[in-house]
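Work through the exercises below with the sequence and the model in view. Try each task before reading its solution.

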Amino acid sequence: MSVSLYTYFRSSCSARLRIALHLKGIPFTPVFVNLLKDEQLSPAHKAINPSGLVPALIIQHDTTTVTITQSLAALEYLEEAFPDKGPALLPSDPESRAQVRTLASIIACDVQPVTNLKILKRVAPLGADRVSWSKDLIEEGLRAYEATVSRCAGKFSVGDEMTMADICLIPAAWGAERVGVDLSAFPVTYRIIQNLEKEEAVQKGHWQTQPDTPEDLRVKE
């Protein structure tokens, strides 16, 4: 089996899969797609991901190839296809699973889209300040996350083990910081973020540590 991940260093959806693969200990080969050069719109890339986006997760088995082009679906696949690899991304009981999926969906549906380069390019011609527009909507989404996570948080978003919710949260936090969101305004969420930043899989998946991260943006040793 071989695993390839089409990724861009600053893509939060790509970061979800980088973190999950590191967490589960699944080796993968990154394939770098530069969004600023519109490489995601090339015919070759669209043949892999018709949405013209990243990520794309490709798993080559002996006789079959699985291609998944949505990050939440890919996270679910990794959990179902590799249950014995690393920690579980979803809890065992249905109530906790529903909490994890709810939190992951708040990030995926309410927070991440307004940081998407494709969306931001459409906003600018309308005369909006795209940074302040994005910041306001991110804060609105994080308020919903804070209210929801306050009912189920432990060390992480749902209890004391990392789940899909955390894997979605931490890249969203990096994007929020870029537009000036004060994460400490969401105390439970902020505590979880601080715990996540200490995890090896998160550090390995961080946008500043990727091979395609420009030198001037890399973490300095």
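**Exercise 1. Pairing in the sheet**

Task: Find the residue that stands opposite Ser 4 in strand 2, then work out how the strands are arranged.

Solution. Step 1: Ser 4 has Thr 29 of strand 2 opposite. Strands are DSSP runs of E with at least two residues, helices are runs of H or I with at least four, and both are numbered from the N terminus. The model is predicted, so local features need pLDDT of at least 70 and side-chain atom pairs count only at pLDDT 80 or more, while totals for chains, interfaces and linings use all residues. Residues are numbered from 1 along each chain as its sequence is written, and side-chain values use heavy atoms, with hydrogens and water left out.

Step 1: Strand 1 and strand 2 run parallel and are joined by 4 bridges. Two strands count as paired if DSSP finds at least two bridges between them.

Step 2: Strand 1 also pairs with strand 3, in the antiparallel sense, over 5 bridges. In this pair Tyr 6 stands opposite Ala 56 of strand 3.

Step 3: Strand 3, residues 56–60, pairs with strand 4 over 4 bridges, again in the antiparallel sense. Here Ile 59 faces Val 66 of strand 4.

Step 4: Put together, the 4 strands give an open sheet with the order 2-1-3-4 and mixed pairing. Strand 2 (29–32) and strand 4 (65–68) are the edge strands, each pairing on one side only. On average, neighbouring strands of the sheet are turned by 15° against each other, direction ignored.

**Exercise 2. Helices**

Task: Which strands does helix 1 lie across, and which residues make the contact between helix 3 and helix 7?

Solution. Step 1: Helix 1 (residues 12–24) lies across strand 1 (2–7) and strand 3, at about 150° to strand 1. Axes are lines fitted to C-alpha atoms, for helices over the stretch in contact, and angles run from 0 to 180 degrees between N-to-C directions.

Step 1: Helix 3 (residues 71–81) lies across strand 3 and strand 4, and runs at about 140° to strand 4.

Step 2: The axes of helix 3 and helix 7 (residues 164–178) come within 11 Å and cross at roughly 145°. Leu 72, Leu 75 and Glu 76 of helix 3 make the contact with Met 164, Ile 167 and Cys 168 of helix 7.

**Exercise 3. A loop**

Task: Compare Asp 38 and Gln 40: where is each found, and is each buried, partly exposed or exposed?

Solution. Step 1: Asp 38 is in the loop between strand 2 and helix 2, and Gln 40 is found in the loop between strand 2 and helix 2 as well.

Step 1: Asp 38 is partly exposed, with a relative accessible area of 34%, whereas Gln 40 counts as buried at 9% relative accessibility.

Step 2: Asp 38 is not a glycine, yet has a positive phi of about 60°.

Step 3: Beyond its neighbours within four places in sequence, Gln 40 has contacts that include Val 33, His 45 and Leu 53.

**Exercise 4. The whole chain**

Task: How many helices and strands are there in the chain?

Solution. Step 1: The chain has 9 helices and 4 strands.

Step 1: Of the 221 residues, 47% are buried.

Key
Contact means heavy atoms within 4.5 Å. Buried means under 20% relative accessible area, exposed over 50%, partly exposed in between (1.4 Å probe, protein chains only).
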